[in-house]
Amino acid sequence: MGNETMKLWGVSVSYFTGKIEAYLRYKRIPYAMEHPFADARRIRALAGAVQVPLIERADGRWMSDSTAIIQAFEGEFPYRPVLPPDPVVGFIARLIEDYADEWLWRAAMHFRWSYEHDRELLSRILADEVTSHLPAPRVLRRTMMKRRQRQSFVVRDGVDESTSPHVESGYLAALDAMSAMLAARPFLLGTAPSIADYGMMGPMFRHFGQDPTPAEIMRSRAPAVFEWVARMWNAGSLNESPAFLDRVPEDAEPLLRELAETHLVQLRENALAFARGEATFAMTVQGARYRRLPVSQFRVHCLAQLREHFAALAPQAQTAVRGLLPYPGCDLLWSEVVPARSGYDEAREAPYNKAIRVFETHREPIMARLLGAVTRRR
Ligand SMILES: N[C@@H](CCC(=O)N[C@@H](CS)C(=O)NCC(=O)O)C(=O)O
């Protein structure tokens with residue numbers, strides 16, 4: 001399998017495709033990108049869900065979920081590891097990745113689909129890239145794209161006039177927290193990129209760093225993050241061997257506080273609602289009230305994974321992690337205060353399992369359902 005070129009099913013402006021592309025480039029794993037949507041029926045059957053990124057291996061296996069893909073590749077391709085060897089730094093790196101994957105997503109979608117200029121630009125790019133196989137004029141495909149994305153990922157993900165200031169403040173907090181860390185080092189946890197950096201590349205690269213409204217904010221408020229995005233993209237040119245910190249630096253405190261106050265609250269309320277069998281839930285984060293959010297089975301799995309990671313740490317490392325997270329509610333990482341049985345990947349085959357989407361239970365809006373049916377018939 002030495003010279004295998006991975007087939008990366010992805011989209012050029014996607015959060016998780018950008019994250020995995022940056023990682024593959026750093027690891028010098030060759031890949032060729034294709035767009036999955038014209039082949040949706042076959043891909044759904046083989047991979048479990050039509051989402052990006054997916055990796056199709058030369059031996060016919062399919063990989064999904066950027067976190068699980070990176071973990072599997074770290075075993076298969078040891079060159080330039082991205083998992084810090086210190087167990088405490090390693091756990092915190094994974095936690096930052098999870099916050100980047102699952103919390104900053106809402107802000108990224110809001111900036112892209114709520115601001116007219118961003119929405120017009122991105123709907124044009126996406127309509128051409130992912131729907132040009134559909135027998136409908138571009139103007140219709142573009143309208144459909146705007147409506148689908150806005151409904152699915154902004155309106156139904158709890159962003160409205162009362163919550164949008166808080167959603168936007170989450171982006172600013174991430175910029176400020178990263179700037180504090182990057183003032184001391186080229187990457188978040190050392191002189192080489194770790195899984196924390198790759199997690200942050202999801203939102204910061206293809207969304208915040210490229211979509212017009214958040215990119216302007218990044219350039220003016222956090223030039224060090226803007227520079228880091230390019231450094232991450234070019235990390236393949238690094239010659240030095242990776243050097244990760246052997247302790248979590250004090251400058252990580254604002255980021256850890258922010259993720260505890262936001263992402264961990266969402267993980268908790270989502271898992272509680274999932275355990276009650278509910279389809280939606282409410283939460284209050286940093287004083288902002290989100291009245292109706294979709295329950296995510298996948299995010300219950302995320303919590304279970306973090307808990308397993310914590311449970312596998314030696315007692316001394318567990319104590320150190322707890323010391324770094326002295327905020328209310330962090331106990332869900334180390335105790336059963338919230339049930340976290342997701343039912344996803346019970347056979348533990350990830351990333352070679354059948355994927356589910358983050359909001360699997362979502363009902364598609366009518367236009368998307370109709371066009372999806374056209375896609376499926378092909
Ligand atoms: N947990 C997955 C999430 C992948 C994901 O949500 N990808 C988005 C695009 S960035 C997607 O394909 N969404 C499907 C859709 O919009 O229908 C990962 O880390 O790879």
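Colleague: Where is the place of Pro 351?

Modeller: Pro 351 sits in the loop between H15 and helix H16 (366-377); helices (H or I, at least four residues) and strands (E, at least two) are DSSP runs, numbered from the N terminus. This is a predicted model, in which local features need pLDDT of at least 70 and side-chain atom pairs pLDDT 80 or more, while totals for chains, interfaces and linings use all residues. Residues are numbered from 1 along each chain as its sequence is written, and side-chain values use heavy atoms, with hydrogens and water left out.

Colleague: Which residues does a cis peptide bond join, with omega about 5°?

Modeller: Most peptide bonds are trans. Here Ala 350 and Pro 351 are joined by a cis bond, omega being about 5°. The bond from Val 52 to Pro 53 is cis too, with omega near 0°. Pro 53 belongs to the loop between helix H2 (40-47) and strand E3 (54-56).

Colleague: What is phi of Gln 286?

Modeller: Most residues other than glycine have a negative phi. Gln 286 has a positive phi, near 50°, and lies in the loop between strand E5 (280-285) and strand E6 (288-294).

Colleague: At what angle do helices H4 and H15 pack?

Modeller: Axes are lines fitted to C-alpha atoms, for helices over the stretch in contact, with angles from 0 to 180 degrees between N-to-C directions. H4 (residues 87-102) and H15 (residues 315-324) pack at about 45°, their axes 9 Å apart. They are therefore oblique to each other (under 35 degrees is roughly parallel, over 145 roughly antiparallel, 65 to 115 roughly perpendicular, the rest oblique). In contact (heavy atoms within 4.5 Å) are Pro 87, Val 88, Phe 91 and Ile 92 of H4 with Ala 317, Ala 320, Val 321 and Leu 324 of H15. The residues of this contact divide into 8 nonpolar, no polar and no charged (Ala, Val, Leu, Ile, Met, Phe, Trp, Tyr, Cys and Pro are nonpolar, Asp, Glu, Lys and Arg charged, the others, Gly among them, polar).

Colleague: How do H5 and H7 pack?

Modeller: Helix H5 (residues 104-114) packs on helix H7 (residues 138-155) at about 150°, with axes 10 Å apart. That makes H5 roughly antiparallel to H7. From H5, Trp 105, Met 109, His 110, Trp 113 and Ser 114 make the contact, and from H7, Met 145, Lys 146, Gln 149, Arg 150, Phe 153 and Val 154. The division is 6 nonpolar, 3 polar and 2 charged.

Colleague: Which of the residues around the ligand come nearest?

Modeller: Of the 13 residues around the ligand (a heavy atom within 4 Å), the nearest are Val 52, Asp 65, Ser 66, Arg 148 and Arg 357. A ligand nitrogen is 2.9 Å from an N or O atom in the side chain of Asp 65. A ligand oxygen is 2.5 Å from an N or O atom in the side chain of Ser 66, and a polar side-chain atom of Arg 148 lies 2.6 Å from an oxygen atom of the ligand.

Conventions
Polar contact = N/O pair within 3.5 Å; in protein donor to acceptor, adjacent residues only side chain to side chain.
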